[in-house]
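Dear colleague,

Please find the structure below, together with its sequence. I would be grateful if you kept it open while reading the notes that come after it.

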Amino acid sequence: MKIPLYVVDAFTRRLFGGNPAAVCPLDEWPRAELMQQLARENNLSETAFFVRSGDSHYDLRWFTPTVEMDLCGHATLASAYVIFTRLDASATRLTFETRSGALTVTREGELLAMDFPSRPPTPCDAPAELLRGLGARPREVLRSRDYLVRYGTEAEVRSLNPDFRLLSRLDCIGIIATAEGREADFVSRFFAPAAGVDEDPVTGSAHCTLVPYWSEQLGKTRLRALQVSERGGELLCEQRGERVALSGHAVLYSEGFIHLP
């Protein structure tokens, strides 16, 4: 049995930047345990699996090396890139059915624009392990699916050196550290040790929380975001009420097959 395998760097114009995602087109769904094994073997922050369900419609699932996720931006962008460039060059708009509902991706020149749910955060008390794990006291702590911690400067976000052992004990998928940016509207980093990913290079799902937060803070609906991980990535964002638009570029790194007995 052979399964096609693509690796795509998402939210970047350059190879070795952005966030690499593995993408596996399937004819039918295998056992979830097998997909989890494949994601563990790929050892990237996400492996996406999709099955075509109709004209430009696909069912899509995402796995980290340890868990299945409810929402993933960069692997959705990577999946759309594979379909647009390798499987259906005539398509201009795709619909993915997921655990977070229907997600659409539209080709706009070189940009791929994703329509995702907005997940605005609300203020909350900061758990002691969150503050100790980050090692630097933030200006503000909020929560949606993930904790969002705001710092005063981009330099503070860049200099964080988290204790991932402590952060893995929190009852959340991840922790978003953010601040206003020097060259962008805002910057962020994303830590998800509880999901098997200490630091994610670029995180689309985190921007479902970042975009409504910064849209309100800055009084604007169109925003440019940088995720300031070691690899780095850029997102063009727009707040649209209960939805957010997240746009970015992608670059193909490799294509081949997974061989199963």
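The notes below concern a serine and its surroundings, and then the cysteines.

Please bear in mind that this is a predicted model.

Serine 45

Where does serine 45 sit in the chain? Serine 45 belongs to the loop that runs between helix H1 (32-42) and strand S3 (47-54). Its relative accessible area is 10%, so serine 45 counts as buried, the limit for that term being under 20%.

The side chain of serine 45 takes part in polar contacts. One of them, at 3.3 Å, is with the side chain of asparagine 19. Another, at 3.0 Å, is with the side chain of aspartate 200. Beyond its neighbours within four places in sequence, serine 45 is in contact with several residues, including Pro20, Phe63, Thr64, Pro65, His74 and Val197.

Cysteines

How many disulfides does the whole structure contain? The search returned zero. Two cysteines illustrate why. A disulfide requires two cysteine sulfur atoms within 2.5 Å. For cysteine 24, the closest cysteine sulfur is that of cysteine 72, 13 Å away, and this is too far for a bond. For cysteine 237, the closest cysteine sulfur belongs to cysteine 208, and because the distance is 9.5 Å, it too is too far for a bond.

Are these two cysteines buried or exposed? Cysteine 24 has a relative accessibility of 0% and is buried. Cysteine 237, at 5%, is likewise buried.

With kind regards

Methods: Residues numbered from 1 in each chain as written. Predicted model: local features only at pLDDT ≥ 70, side-chain atom pairs only at ≥ 80, totals over all residues. Heavy atoms only, no water. Helix = DSSP H or I, 4+ residues; strand = E, 2+ residues; numbered from the N terminus. Buried < 20%, exposed > 50% of the residue type's maximum accessible area, 1.4 Å probe, protein only. Polar contact = N/O pair within 3.5 Å; in protein donor to acceptor, adjacent residues only side chain to side chain. Contact = heavy atoms within 4.5 Å.
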